[in-house]
Amino acid sequence: MSDRESVSHTHDYGEDAAAYVLGALDPVEVETFERHLEGCTECRDEVTALTQVATALPMAAPQHRAPKSLRRRVLAAVQEEAKPITSEQPQTRAVQGRPSRFWRGALLAGACAVIALAVLVGLDLSTGSHTRVIQAHVSGISGSASLHLTGLRGQLIVHHLSPPPPGHIYEMWLKRPRRAPAPTNVLFSVTSSGEGEIGLPTRLRGVTQILVTPEPDGGSRVPTHAPVIVAPLT
Amino acid sequence: MELVRHGDARAFEVVFDRHADAAFSLAYRICGSAARAEDVVQEAFLSLWRTGVRYERARGSVRSWILSAVHNRAIDALRRELATTSRDVVDERLAEQLRSPQETDTEAERRDDARRVRSALEELPSDQRRVIELAYFGGFTHSQIAEMLGLPAGTVKGRMRLGLTKLRLLLGGVEGVLG
């Protein structure tokens, strides 16, 4: 691209950076601007600088104390979900008992290898029940994915998967017939080599597909991108 | 945060206690309802706990991640509600959200940060401050704001840019405001 083209290209989007960091562009404009950002250093620098300012904006809200009832509710849920990892077999149960917390990082690579071996031979470590493996369809990114279902538990296991775009995270959705994809609390990224083990939600009644889309950090309530992983459950 | 990622409930409690007030304040500012704000904050923190989302220091602080998650969820909730509400009514309600009878003392550092950011925002020309607040706290797109204020879309985006640029200068670099 010549300097002249570059200036013209930048000029077309010169006012969009601020609206972008404030979340004030509509979804189509966001996609267009993000494509532009890939080739425009000037706009990328402006977005970086303005994002730093935007991260301060929450502090402009009048400050309140969070209700004690909220604290009790959140910490009770966390304590309940943490129980399995405080049992006598912390490492094994941490993986099996808390499937929704997928990201273990490099320190758990050994544990993951043990689990992966168990999956290969079709057995669950804690119950001895059979594991059903379903290949998922990956589109638009590189890598592979499969569902591993054991009894009422399930995991999405990915290999060599592309990381989500900067500022984004992968979000899991549950698709039921004739209904829009339902959001879950499952947000994830992958290791630097594209590996990941992601626990499925426990309530899968009526779900026919597990979908994964890239979403802005923090997740979305409705999908903003096409699925990159589609895994049939039936 | 490393301990939270590995399922330490007590470490999570520390993170919650450190950031819950700021998270609730932001959610309440956007939602205008304590009940909805509580739902939003609960969702955001449980998402942090359940997904063990990667914390990358280079990409910002824990507080930034939590507040970003709260902001996204609160705006989503607000927009769902707006689908059945007229813009004028919403704009009036936004003004009502500026103060709340529930405001209480909080820890001194956070109060100082908040005062500093609010003061900088108030120094902006009102037309620039207004479009920033409508976008960030009101969840409106630039085209909705343009229609609401009877301005060309380019003018709205220009004011956003001028406002944020000036805010950046006023804050003199915001490192430390969000620790």
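## Basis of the model

The model is predicted, and local features need pLDDT of at least 70, side-chain atom pairs count only at pLDDT 80 or more, and totals for chains, interfaces and linings use all residues. Residues are numbered from 1 along each chain as its sequence is written, while chains are lettered from A and ligands numbered from 1 in the order in which they are written.

## The contact between chains A and B

Chain B gives 70 residues to the contact and chain A gives 55 residues, where two residues are in contact if their C-beta atoms, placed from the backbone, lie within 7 Å. Among the elements of chain B that give two or more residues to this side are helix H2 (9–31), helix H7 (126–136) and helix H9 (153–171); helices (H or I, at least four residues) and strands (E, at least two) are DSSP runs, numbered from the N terminus. H2(B) provides the largest share, 12 residues.

By class, the side of chain B that touches chain A has 32 nonpolar, 20 polar and 18 charged residues, with Ala, Val, Leu, Ile, Met, Phe, Trp, Tyr, Cys and Pro counted as nonpolar, Asp, Glu, Lys and Arg as charged, and the others, Gly among them, as polar.

## Helices H7 and H9 of chain B

The axes of H7(B) and H9(B) come within 8 Å and cross at roughly 100°; axes are lines fitted to C-alpha atoms, for helices over the stretch in contact, and angles run from 0 to 180 degrees between N-to-C directions. The two helices H7(B) and H9(B) are therefore roughly perpendicular, a term for angles of 65 to 115 degrees. Their contact includes Val131(B) and Ile132(B) of H7(B) and Met160(B) and Leu164(B) of H9(B), and by class it has 7 nonpolar, 2 polar and 3 charged residues.

## Strands of chain A

An open sheet of 4 strands has the order E1-E3-E4-E7 in chain A, with antiparallel pairing; two strands pair if DSSP finds at least two bridges between them. Strand E1 (131–135) and strand E7 (196–199) stand at the edges with a single partner strand each, so one side of each is left without a neighbour in the sheet. E1(A) pairs with E3(A) over 5 bridges, and Ile134(A) stands opposite Leu147(A).

E9(A) is joined by 2 bridges to E2(A), where His137(A) has Val230(A) as its bridge partner, and by 4 bridges to E8(A), where Val212(A) stands opposite Ile229(A).

Conventions: Parallel < 35°, antiparallel > 145°, perpendicular 65-115°, else oblique.
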